[in-house]
Every structure is written in C-alpha cells, then in structure tokens.
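Student: Please take me through the aromatic contacts and surface features of this model.

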Amino acid sequence: MENASKTGLGEEAESNALGDVVKHERQRDWIAALGVGVLGNILRIAVLAMFAKANDDNLWGLLNKWDAVYYTEIARAGYFNADIATEGNVYETTMAFFPGFPLLIKLVSFLGFSEPIAAILLNFVFTVVMASGVMAIAQRMGADFKARVAAAIAVTSAPMSIVFAMPYTEALFGALTMWALVALIDRKWLLAGLFVFALSAVRLTSVDVILVFGVIVLLWGAREWKAWVALVASALPLLGYLTMANHYLASAGGYFGIQKEHWNSQFDFGVATFKWVKSTLMTADHAGFLLSTSVIVGAPILLVLAWRKLPLPVWLFSAALIANVLLSDGIMHSRPRLLLPAAVLFIPWTIEMSKWASSRQMAFVMGAVVLGGAWFSAHMLAVFDWAI
C-alpha cells in the first residue's frame, strides 16, 4: 500500500511538472507572438513612412487608403449614412463589406479613439493573436521554439502584410482562421465552431473555412453530434448577412450583383486570372503588376509543394482559398492581399530550415523576409497607382 501510495504521488508530481512545462511553453509563445506582431507592424509602418517621404505622400493617408475608408466610415455612420462618394445609393457600395470588423471598430471608438486609430489598434492586437495561432499550428507539427517563431514571422510578413497595420480585415480574418484551424486539428468542434461563427461575420471568404470545417467533420467527426451542431451554427452570420444584404440590394442584383458591378468579382474558373497573368508577363512595364503576378503564380506552386507537409485542415484551407481567389475575376492586383492567409504554406519550410540553419542564419533569412514583405507592401501602397 505504501509503495502504491508513493507511486501515485510520483505520477501526480510528474503530471504537475509536465503541466508546468506546457504552461511555460505557451507563455513563451505568446510573448514571442507579441514581439513578432507589434515589432513587425512597426517596421512595416516605418518602411512605408520612408516610401511616403520619397514619393511626397502622407503616411497617414497611405495607411487609410482604399477599402480602409469603407470600414471606418461604416463604423462611424453605418451602411446607409457613410460619407463616401459613389454613384447611386451609398449602401449599394458599403454593403459589400461585412459588419464584423466595423462593429469592433465602433466599440473601441467609444473609448475615445477615432475610427481609423481604433481600427489600427485592433489590428495590432489581431496580428499578435494571428502570430500565436501560427505558432500553435507549427507546435502541432513538432516544431521547436525557434521554428515556431520563424513560422510566425514568415506568415505575418508575407507580401502585402502592411494591411495588418491598416483598417482592413486581414489581421482579424487571419487571427480567427489560424485558431479555427488549430481547433480543427485538435478536433475541438465547439471551439472551432465559435471561431468560424465569428469569422463568418467578417468576410465572404469565410466560406472557405466553413467548407473545410464541413470536410473535416465528414472525415473525422461524422458520428459526433457536437461537430454537426458547431458546423451548422458557424455559418449563421454569413447566411444572415447575405439574406439581409440581398433584401436591401434586390434592385441592384443582390449582394453578388454589387460585387460584380463595383469590383467585377465573379467566379469564372480562372479565365480572367490566366489572361491577366499572360498579359502581364508579356507586356507589363509596371513593377506592381509583376509583383502581383509573382504571388498569383507562386501560391499554387507552394500549395503543391506543401502537400502532406501540413495538417490536413491547414492544407485544405489553403487550397480552398487559393482556388476561390484565383478562379474568380476581380481586381487582379488585390490578389496578394486576398492570398495573405495562404502564407501558412510557408510553415513547413521554416520548420525544415530550423533543423539545419544556425540561429544567426535563421535571423538573417527572417530579417530578409520581413524587409522584403515591408518593401513589397510599401511599393504597392506608395508607388503603385491602383487599388490593393
């Protein structure tokens, strides 16, 4: 009995020690994610400031360019009273944007911040949460601390990552998506449903995550009722908003009608993307077009190379997102931004590199990645003439 008691105490002590180690690792990852998210955004803003000065432009104006105006104006005045110059009723343009992010901006603005500042502050937080989610995915792939940090840097510093420091939805979308994928890897259905529920109020491309959620439930949780309940509930904000938008936009062709009219966004099996890439590679004389094309061509190549190197939910999400973006018409030079979440495809390569590279070599490569992404971002905002 005495030996049995001692054995029990020993197992309990071992379990407590293991729990302390896991807790310490999580705390260390969150501290690292804080550094990656905050310092990365500050560096990108600093590089953009240099580009603004070189091009006789204004940093604040660049940070609040293009779609940022819509998100902050919707937060300030709503869909029907936003002060945005447009032909016809303003809501026929503003309703293209989902309400999740503007609602968060509005809530933070009650603390006394202007809408643009509230949005940027929120996105600093969301970038940190996204970085921690990337590290959690890498940890489940067996990555050590060095590899996890490198993965977070690579994903959050991808081309066009400046939008993580602008009033755009990319940081929020990335944060929710990374943690939804972690929950799916862990088969925590209700938690996954909660993340995807929030995600489906943010952007239409949440449909890609919902699709992956459905496939994973079929493969891994078909006999678990919680998985099906979570899946169905997760799509409710998306369906609810589209129903409301279609009601108000009936005369304009519904939600997808205004997407086609204002952004030429429609599914065409990749015809427009193929024609644009072909034309750009043969005739373009503007770096912005070539930079956008490099991302469009590179994304599916990375997807193929990452097959069986990523957890199934992560790879399926990347495939769904890339297919959704590249098989649709629309503003081609916005593709680097829309493809940002697919930067999770970098994770296997950062893990592999960490196995043979020294800390100094890793620091050099990651520094180049951060500076490269910052340069790409600043060029597309300060030099390129068209929307991102």
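Tutor: Tyr70, Tyr71, Phe97, Phe101 and Tyr168 form one aromatic cluster. The model is predicted, so local features need pLDDT of at least 70 and side-chain atom pairs pLDDT 80 or more, while totals for chains, interfaces and linings use all residues. Residues are numbered from 1 along each chain as its sequence is written, and side-chain values use heavy atoms, without hydrogens and water.

Student: How many aromatic pairs does the pairing rule give?

Tutor: Rings of Phe, Tyr and Trp (its six-membered ring) pair if their centres lie within 6.5 Å; planes under 30 degrees apart are stacked, over 60 edge-to-face, and the rest tilted. By this rule the count is 13.

Student: Is the pair of Tyr70 and Phe97 stacked or edge-to-face?

Tutor: The ring centres of Tyr70 and Phe97 are 4.8 Å apart. Their planes meet at 20 degrees, so the pair is stacked.

Student: Which parts does the pair of Tyr70 and Phe97 tie together?

Tutor: Helices are DSSP runs (H or I, at least four residues), as strands are (E, at least two), numbered from the N terminus. The two residues are 27 apart in sequence. Tyr70 lies in helix 3 (residues 67-77) and Phe97 in the loop between helix 4 (91-94) and helix 5 (100-109), so the parts tied together are helix 3 and that loop.

Student: Is Phe97 buried or exposed?

Tutor: Buried means under 20% relative accessible area, exposed over 50%, and partly exposed in between (1.4 Å probe, protein chains only). The relative accessible area of Phe97 is 5%, so Phe97 is buried.

Student: Is the pair of Tyr71 and Phe97 stacked or edge-to-face?

Tutor: The ring centres of Tyr71 and Phe97 lie 5.1 Å apart. Their planes are at 80 degrees, so the pair is edge-to-face.

Student: Which ring does the charged end of Arg28 sit over?

Tutor: A charge sits over a ring if NZ of Lys or CZ of Arg is within 6 Å of the ring centre and within 35 degrees of the ring normal. The charged end of Arg28 is 3.9 Å from the centre of the ring in question, that of Phe145.

Student: Which residues is Ala342 in contact with, leaving aside neighbours within four places in sequence?

Tutor: Ala342 is in the loop between helix 17 (335-338) and helix 18 (347-356), and at 6% relative accessibility Ala342 counts as buried. Contact means heavy atoms within 4.5 Å. With those neighbours left aside, Ala342 contacts Ser318, Leu321 and Ile322.
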